[in-house]
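Subject: Structure handover

Hello,

Here is the structure for you to take over. My notes on it follow below the files.

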Amino acid sequence: FGTSWLANTILEIATDYHNSFRSSNPSKAPFTLNDVSRPQGGNTPDHAGHETGLMCDVFLPRTDGKAGDINMDSPLFDRNATRALIESMRRHKLVREVFFNDPVLTKEKFNGRPLCNIASGHHNHIHFQINPPVRV
């Protein structure tokens, strides 16, 4: 379950990732969702967040063109594809925060902000959360 805002954000991030990186690197892993939240929201035993439909977990890209079932220390971890994916997240206007514990990527900047931040338990997936859009 996710809000329509999150669903639109996911589609826009996936499109940006494809157009800015994957179209010129077709053997690289696609944007692959891991988890959003429970139907109708509410408490989730596996996450401290993911209760409002505004947070999403994404599987890590792998060097074999697949995604998931690895962590940042795996020899299959594709840091370049991960960087491109997080940059696509950062380009989206509603994305508030990105968590992923890779020590290389957490030191990098994107538009003057950290590319991603460290958070407990985020060594095997990327987590991003969005702000609701401003009402006009």
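What follows is a summary of what was found, element by element.

Please keep in mind that this is a predicted model.

Strand β3 and its partner

Strand β3 covers residues 95-99. Four of its five residues are buried, so β3 is largely enclosed by the rest of the structure. Strand β6, residues 125-130, is joined to β3 by four bridges, and the two run antiparallel. Within this pairing, Val98 has Phe128 in β6 as its bridge partner.

Glu97 also belongs to β3. Leaving out residues up to four places away in sequence, Glu97 touches Arg90, Asn117, His127, Phe128 and Gln129. With Asn117 there is a polar contact between the two side chains, at 2.4 Å.

The nonpolar core

The largest nonpolar core has 30 residues, and the members that touch the most others are Met89, Phe100, Ile126 and Phe128. Two or more residues each come from α1 (4-20), β2, α2, β3 and β6. Helix α2 gives the most to this core, with five residues. As background, nonpolar side chains in soluble globular proteins tend to be buried together.

Not counting residues up to four places away in sequence, Ile126 touches Cys56, Asp57, Val58, Leu60, Thr82, Leu85, Ile86, Met89, Val98, Phe99 and Phe100.

Aromatic pairs

A search of the whole structure gives two aromatic pairs. In one, the ring centres of Tyr17 and Phe21 are 5.7 Å apart; their planes are at 25°, so the pair counts as stacked, the cut-off being under 30 degrees. Both residues are buried, Tyr17 with a relative accessible area of 1% and Phe21 with 12%.

The other pair is Phe77 and Phe100, with ring centres 5.8 Å apart and planes at 55°, so this one is tilted. This pair links distant parts of the chain: Phe77 lies in the loop between β2 (55-59) and α2 (79-91), while Phe100 lies in the loop between β3 and β4 (109-110), and the two are 23 residues apart. Phe77 is buried at a relative accessible area of 9%, and Phe100 is buried at 0%.

Ser88 sits in helix α2 and is buried, with a relative accessible area of 1%. Its side chain reaches the backbone nitrogen of Tyr17 at 3.2 Å, so Tyr17 comes up here as well as in the stacked pair. Beyond residues up to four places away in sequence, Ser88 touches Ile13, Asp16, Tyr17 and Ser20.

His92 is placed in the loop between α2 and β3. The relative accessibility of His92 is 11%, so this residue counts as buried, the limit being under 20%. Setting aside neighbours within four places in sequence, His92 is in contact with Thr9, Glu12 and Ile13. His92 and Ile10 are 82 residues apart in sequence, yet their C-alpha atoms are 9.6 Å apart in space.

Regards

Methods:
Residues numbered from 1 in each chain as written. Predicted model: local features only at pLDDT ≥ 70, side-chain atom pairs only at ≥ 80, totals over all residues. Heavy atoms only, no water. Contact = heavy atoms within 4.5 Å. Polar contact = N/O pair within 3.5 Å; in protein donor to acceptor, adjacent residues only side chain to side chain. Phe/Tyr/Trp six-rings, centres within 6.5 Å; stacked < 30°, edge-to-face > 60°. Buried < 20%, exposed > 50% of the residue type's maximum accessible area, 1.4 Å probe, protein only. Pairing = 2+ DSSP bridges. Core = buried A, V, L, I, M, F, W, Y, C linked by side-chain atoms within 4.5 Å.
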